[in-house]
Amino acid sequence: SYQRQQLVLTAWERSRMNADVKFGKRTSLPISMQRKSLPVYAMRDELIQAVRDNQFLVIVGETGSGKTTQITQYLNEVGFGNRGIIGCTQPRRVAAVSVAQRVAGEYGCKVGEEVGYTIRFEDRTTAKTRIKYMTDGMLQTEALLDPEMSRYSAIMLDEAHERTVATDVLFALLKQAAIKRPDLKVIVTSATLDSTKFSEYFNNCPVKHIPGKTFPVDVLYSQEPQMDYLEAALECVMQIHINEGAGDILVFLTGQEEIDTCCEVLFQRVKNLGNSIGELVILPVYSALPSEVQSKIFEPTPAGSRKVVFATNIAETSITIDGIYYVVDPGFAKINTFNSRAGMEQLVISPISQAQANQRKGRAGRTGPGKCYRLYTEVAFREEMLPNTVPEIQRQNLSHTILLLKAMGINDLLHFDFMDPPPKNLLLRALEELFNLEALGDDGYLTKLGLRMSQFPTEPTLSRALLRSVTNNCSEEITTIISMLSVQGVFYRPKDKQQDADNKKVRFHHPYGDHLTLLNVYNRWQLAHCTEEFCTSNYLHYRQLRRARDVKNQLHTIFKKLRLPIVSCHGDPDIIRKTLVSGFFMNASKRDSQVGYKTISGGTTVTIHPSSSLYGKEYDYVIYHSLLLTTREYMSQVTAIDPNWLVEAAPHFYKIADDQSESRKKAKITPLHNKFSKDQNSWKLSSIRASREKV
Ligand code: ADP
Ligand code: MG
């Protein structure tokens, strides 16, 4: 997959240039006509009246009916924008940005003026902003400082059917805020028809249905299960392109790597087709893509050619592409799941639910009768797929969310008004993690450290390392490393130049491992004035490094706001590693000659990932950033440490074993299970309840 990425870029470059030329003169309706042609327009007055008459309102409508782009504007047109900001949350960053750009265009302003957006690490709003799109995570963070949402006149929780953790938490927070703010309007919009549940939750509020104009879609199932769904998808696209009538194709894949690979492979195959068959324009959509490329997907296809869009499940509901007649659905999505065996959150490619499959199918019937190719059998659809997607709050690591709730003074999590409460074991894990990080005290209340940690938008482990970097005088280095960790895969290996790429990569390697290697990469890129040439000649992804630089700037802005200094330890590897240990001591492994490594706290067998700079090295103790489950359990981003640092950083978590047979020099570290397990259960329960009586 490394190899292919580079090729893809060049291939896209070409196909994009092509697309630029062709899309140059496009004909479409004037904006005011487009707006009036949307299904939601027929209900404009009815919706406005319903918002005026009710504090809560649920709106259900087909994807593409105009909920996201129009309702905020309607409210602004009748004066809500004068009383406060009209906010609209999106579960995904890309959707927030792309919708804000579209609405700014319709409104006739620049992004950041009357219409703006805020996503993590990027704020494009000003004092002028009346309509603000944002990720649900951002509004959740705002609630920490302003629980009454005093800057807003109306808030639309969009894409509520996605049931992200942040949207679920916002349901409860806004229900709470509404009591103190009788003038605040809360609108919940959803693409699916789960409306009774939503309405009941919001005090039996009214539900408005936007009648959709949809056409029938033929569903074609695979006769037998597909072994390789990427190959099956590519074959399906070729078959449609060659044999079927006009109309664009939408293919659902699970992530950037798959999409890049398919774009490239298809590009090569189409090239060999010859001139008798119309042109196929290949376009990718995923969240890491720059917005110039993304806006391409919305442009109409020139006559005589066809476009195929490879997208993640972002195109299921949050983004609507017109002109799609064919949907290819392999039936998978990448979802974030808490793996209780590994004690870690993992991205896992999993089968989608029936509801998702039907949503995907619906994308083919917006412009005319369509076809949906399901690359799985009808039996698999009926018997192996769950009817509905499990809400994220019931499967994800909740430590960051709980830290925020605790920081808002919400301590009684058992009685918090969740629409669907998280399972107890997930709550307990999160509480335990926060306790281990010393963000929570024995009483289950937030500590001073916990309060400071809650002010960072990062996972609690990273927040702790960030705070420790201040006392250890290495905040410059740690912010760089954390920025580099937040972008994925800076190195690439083109197939025909693997050796050269590997040689170049080794030059960045730090003997102690990946965190310091990432620091080397960033610093040398900066020394080379952050040029693209430096990246090209060293087989580094320029785009990822630029993103890392943006993230770093944002972290520095947060430091400034919190009046924390940015100081450098001049690259001192021990100080940097100790600081990392203060956040990641729970992710420590000890070498075990039989099996590679074993995690210290769980005893899980793990291996260093072959892409790590520590691969093949023989250090006794390491920390890792994350676990990756493929054929084996791999540690990724690994750094060698001195075991004594574990005890120093977390004396409440580790102790030095009093094992006499062990050689003196090699300290043996064991987790403090004894002390813990005795009163662990009582502690856990009490902290969930967290002294209701005191509140
Ligand atoms: P909903 O939220 O109901 O799914 P939207 O308000 O997102 O619908 O979209 C309504 C219509 O606006 C879409 O059908 C599409 O035609 C158009 N549209 C939305 N975003 C863009 C964009 N970025 N560029 C061009 N057209 C867009
Ligand atoms: Mg929408």
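**Core, strand and helix packing**

Trainee: How many residues does the largest nonpolar core have, and which have the most contacts inside it?

Mentor: This is a predicted model. Its largest nonpolar core has 169 residues. A100, V237, V251 and V328 have the most contacts inside that core.

Trainee: Which helix gives the most to this core?

Mentor: Helix α8, residues 165-180. Nine of its residues belong to the core.

Trainee: Back to A100. What does A100 touch, not counting residues up to four places away in sequence?

Mentor: V111, V115, G116, Y117 and Y133.

Trainee: New topic: strand β11. Is it buried or exposed?

Mentor: Buried. Six of the six residues in β11 (residues 280-285) are buried, so the strand is largely enclosed by the rest of the structure.

Trainee: Which residues point which way from β11?

Mentor: L280, I282 and P284 point one way. V281, L283 and V285 point the other way. All of them are buried.

Trainee: How many bridges join β11 to β12?

Mentor: Six, and the two strands run parallel. Strand β12 covers residues 306-311. V285 stands opposite A311 in β12.

Trainee: Now the helices. At what angle do α16 and α17 pack?

Mentor: About 75°, with their axes 9 Å apart. Angles of 65 to 115 degrees count as roughly perpendicular, so α16 is roughly perpendicular to α17. Helix α16 spans residues 399-407, and α17 spans residues 424-436.

Trainee: Which residues meet there?

Mentor: S399, I402 and L403 come from α16. They meet A430, L431, E433 and L434 in α17.

Trainee: What is that contact by class?

Mentor: Five nonpolar residues, one polar and one charged.

Conventions
Residues numbered from 1 in each chain as written. Chains lettered and ligands numbered in written order. Predicted model: local features only at pLDDT ≥ 70, side-chain atom pairs only at ≥ 80, totals over all residues. Axes fitted to C-alpha atoms, helices over the stretch in contact; angles between N-to-C directions. Helix = DSSP H or I, 4+ residues; strand = E, 2+ residues; numbered from the N terminus. Parallel < 35°, antiparallel > 145°, perpendicular 65-115°, else oblique. Contact = placed C-beta atoms within 7 Å. Nonpolar A, V, L, I, M, F, W, Y, C, P; charged D, E, K, R; others polar. Core = buried A, V, L, I, M, F, W, Y, C linked by C-beta atoms within 7 Å. Buried ≥ 20, exposed ≤ 12 C-beta atoms within 10 Å, placed from the backbone. Pairing = 2+ DSSP bridges.
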